[in-house]
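Subject: Structure handover

Hello,

Here is the structure I said I would pass on. Please look it over first, then read the notes below it.

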Amino acid sequence: MAELILKNVVKDFGKTRVIHGVDLHIHDQELVVFVGPSGCGKSTLLRLIAGLEDISDGELFIDGELVNSRSPKQRGIAMVFQSYALYPHMTVYQNMAFGLELSKFSKAEIKNKVLEAARILELSELLDRLPKQLSGGQRQRVAIGRAIVRDPRVFLFDEPLSNLDAALRVQMRIEFAKLHREMNATMIYVTHDQVEAMTLASRIVVLSAGRVEQVGSPLELYHHPRNLFVAEFIGSPK
Ligand code: ADP
Ligand code: MG
């Protein structure tokens, strides 16, 4: 179970404010998509939630607990980036298991976790391959597998499909929807692609210049955009 609450979250880089007091309530097991044009603060907001950047002002709660000063690991959050740097000299199995070896888990437990993640992601046949022997979509799945084996409360995805070609993006969208159903996890998914947002999200958060313009289901945003920015971004009829 993981519910996230952001209260008036602010981020300044030096004298420049890039996140201007964001309030959000993300429910347990929701798949929320952050959309907005390049530079509007999507990645920064994810990094604040993950604990990769310090929040300048405001509060972040996970399951009712204030986590502003907690490390990424303590927050139980896993983040998958768009440039999914896999270790080139390690197999798929080793890439997914890496990091768990330093933790409290036994070899048998690690194996169980990796095999289960591989099953979910349909990588079971590819565990002995090296990254260079995989397609782009398969590599992206390994990167997701590395997050799954850590058993996080929350998954964050930052434009995970932007390096893939159009056909593969459509296929991976379907896989993300399936992943969300299988994992029963809270997920935040960042994209600048409206179609991706509309097809994946239980709710969409539209961001502009570090502010939330509107939050709602894809249909709500499409039929009742609050302003011209949302209407144009979502592609609502005029
Ligand atoms: P998006 O992911 O929506 O494209 P970002 O969150 O990457 O946007 O960036 C939001 C704004 O914050 C941009 O103006 C960007 O230049 C600025 N920014 C991001 N990271 C830093 C940083 N480490 N230092 C200074 N400015 C930053
Ligand atoms: Mg970004």
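Two residues are in contact if their C-beta atoms, placed from the backbone, lie within 7 Å. With that cut-off, and leaving aside neighbours within four places in sequence, Ser-208 is in contact with Gly-36, Cys-40, Glu-213 and Phe-229. Ser-208 sits in strand β9, which covers residues 203-208. Ser-208 counts as partly exposed, because 17 other C-beta atoms lie within 10 Å. From Ser-208 to Thr-186 the separation is 22 residues in sequence and 23 Å in space, C-alpha to C-alpha.

Please keep in mind that this is a predicted model. The mean pLDDT of the chain is 92, and 98% of its residues reach 70 or more. For the complex, the predictor gives an ipTM of 0.98 and a pTM of 0.91. Where pLDDT is low, the predicted coordinates should not be read in detail.

The ligand

Which residues are around ligand 1? They are Phe-13, Val-18, Gly-36, Ser-38, Gly-39, Cys-40, Gly-41, Lys-42, Ser-43 and Thr-44. By type, this shell divides into three nonpolar residues, six polar and one charged. Gly-36 and Cys-40 belong to the shell, and both are also among the contacts of Ser-208.

Helix α1, residues 42-50, gives the most to the shell, with three residues. Within α1, the buried residues are Lys-42, Leu-45, Leu-46, Leu-48 and Ile-49. Seen down the axis of α1, these buried residues fall within an arc of 160°, so they line one face of the helix. Lys-42 is therefore a buried residue of α1 and also one of the residues around ligand 1. Just after α1 comes Gly-51, with a positive phi of about 90°.

Helix α6

Helix α6 runs over residues 166-183. At 1.5 Å a residue, its 18 residues should span 26 Å, and the end C-alpha atoms are 25 Å apart, which agrees. Which residues of α6 are buried? Met-172, Phe-176 and Leu-179 are. Their directions, seen down the axis of α6, fall within an arc of 65°, so the three line one face of the helix. An α-helix has 3.6 residues a turn, so residues three or four places apart point the same way.

The cover over the buried residues of α6 includes α4 (107-120), α5 (136-148) and α7 (194-200). On the face turned away from the buried side, α6 carries the exposed residues Ala-167, Gln-171, Ile-174 and Arg-181.

Helix α4

Helix α4 has 14 residues and reaches 20 Å from its first C-alpha to its last, close to the 20 Å expected at 1.5 Å a residue. Val-114, Ala-117 and Ala-118 are its buried residues. Seen down the axis of α4, they fall within an arc of 100°, so they too line one face of their helix. These buried residues pack against α3 (92-97) and α5. The face of α4 turned away from its buried side holds the exposed residues Ala-108, Glu-109 and Arg-119.

Helix α5

Helix α5 is part of what covers the buried residues of α6, and the buried residues of α4 pack against α5 as well. Gly-136 is a residue of α5. With 14 C-beta neighbours inside 10 Å, Gly-136 counts as partly exposed. Again leaving aside neighbours within four places in sequence, Gly-136 is in contact with Asn-163, Leu-164 and Leu-168. Gly-136 and Asp-165 are 29 residues apart in sequence, yet 8.9 Å apart in space, C-alpha to C-alpha.

Where does Gln-29 lie? Gln-29 is in the loop between β2 (16-26) and β3 (31-35). Its phi is positive, about 65°, although Gln-29 is not a glycine. Gln-29 is partly exposed, with 16 other C-beta atoms within 10 Å.

Glu-122 lies in the loop between α4 and α5. The phi of Glu-122 is near 55°, a positive value in a residue other than glycine. Is Glu-122 buried or exposed? Glu-122 is exposed, because 12 other C-beta atoms lie within 10 Å.

Regards

How values were computed
Residues are numbered from 1 along each chain as its sequence is written. Chains are lettered from A and ligands numbered from 1 in the order in which they are written. This is a predicted model: local features need pLDDT of at least 70, side-chain atom pairs count only at pLDDT 80 or more; totals for chains, interfaces and linings use all residues. A residue is near a molecule or strand if its C-beta atom, placed from the backbone, lies within 6 Å of it. Helices (H or I, at least four residues) and strands (E, at least two) are DSSP runs, numbered from the N terminus. Ala, Val, Leu, Ile, Met, Phe, Trp, Tyr, Cys and Pro count as nonpolar, Asp, Glu, Lys and Arg as charged, and the others, Gly among them, as polar. pLDDT is the predictor's confidence in each residue, from 0 to 100. The expected span of a helix is 1.5 Å times one less than its number of residues. A residue is buried if 20 or more other C-beta atoms lie within 10 Å of its own, exposed if 12 or fewer, and partly exposed in between; C-beta atoms are placed from the backbone. The arc is that of the directions from the helix axis to the C-beta atoms.
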